[in-house]
Amino acid sequence: MSEEDTGAPHFATGAEVEALLDKYARDRVGAHTRMQCKVCWYVYNPDEGCPEEAIDPGTPFLDLPDDFVCPDCGHPKTAFLPLDDDQIDPSDPSGPAQGWSDRWEHG
Ligand SMILES: [Zn+2]
């Protein structure tokens, strides 16, 4: 007796969804992308590595071993999110104003 084949539409399995999310995450995470632990706010800087976990400087987050854990709180890599330092502070509608303070304080 074979499995019933009704030609039903293909639904993504959990593994496929995870693979997509993983790909999406990798697209966002570059070799120099800093990653922040969303539990304790520890920031992994690839340029500095992580001496506590014997990670050499220059190691991209994606190259960290799967058993890497946050040195501060012990949560796994999945607790880390990209730290977007290019984002403009939404609380400041005037946008970045670098140089203005220097201009007004001059003289
Ligand atoms: Zn942490």
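Predicted model: local features only at pLDDT ≥ 70, side-chain atom pairs only at ≥ 80, totals over all residues.
The protein has 107 residues, of which 7% count as buried.

Let me turn to the overall arrangement. The protein contains two helices and three strands. Read from the N terminus, the order of elements is α-β-β-β-α.

How are the three strands arranged? They form an open sheet in the order S2-S1-S3, and the pairing is antiparallel. Strands S2, residues 43-44, and S3 are at the edges; each has a single partner strand, so one side of each is left without a neighbour in the sheet. For Gln36, the bridge partner in S2 is Val43.

I now come to the nonpolar core. Which residues make up the largest nonpolar core? There are six: Met35, Cys37, Tyr44, Phe61, Cys70 and Phe80. Leaving aside residues up to four places away in sequence, Cys37 touches Tyr42, Cys70, Asp72, Cys73, His75, Ala79 and Phe80.

Next, strand S3. This strand covers residues 80-82 and includes Leu81. Is Leu81 exposed or partly exposed? Leu81 counts as partly exposed, because it has 13 C-beta neighbours inside 10 Å, and a residue is exposed if that number is 12 or fewer. Apart from residues up to four places away in sequence, Leu81 touches Met35, Gln36 and Lys38.

Trp41 is found in the loop between S1 and S2. With 11 other C-beta atoms within 10 Å, Trp41 is exposed. The C-alpha atoms of Trp41 and Ala79, 38 residues apart along the chain, lie 10.0 Å from one another. In general, most residues other than glycine have a negative phi.

Where is Ala54 placed? Ala54 is in the loop between S2 and S3. Its phi is near 60°, again a positive value in a residue other than glycine. Ala54 counts as exposed, because it has 9 C-beta neighbours inside 10 Å.

The loop between S2 and S3 also holds Val69. Val69 is partly exposed, with 16 other C-beta atoms within 10 Å. Not counting residues up to four places away in sequence, Val69 touches Gly74, His75 and Pro76. One of these, His75, is also among the residues that Cys37 touches. The C-alpha atoms of Val69 and Cys37, 32 residues apart along the chain, are separated by 9.7 Å.

To close, I return to the sheet and the core. The sheet order is S2-S1-S3, and the largest nonpolar core includes Met35, Tyr44 and Phe80. Thank you for your attention.

Notes: Residues numbered from 1 in each chain as written. Helix = DSSP H or I, 4+ residues; strand = E, 2+ residues; numbered from the N terminus. Buried ≥ 20, exposed ≤ 12 C-beta atoms within 10 Å, placed from the backbone. Contact = placed C-beta atoms within 7 Å. Core = buried A, V, L, I, M, F, W, Y, C linked by C-beta atoms within 7 Å. Pairing = 2+ DSSP bridges.
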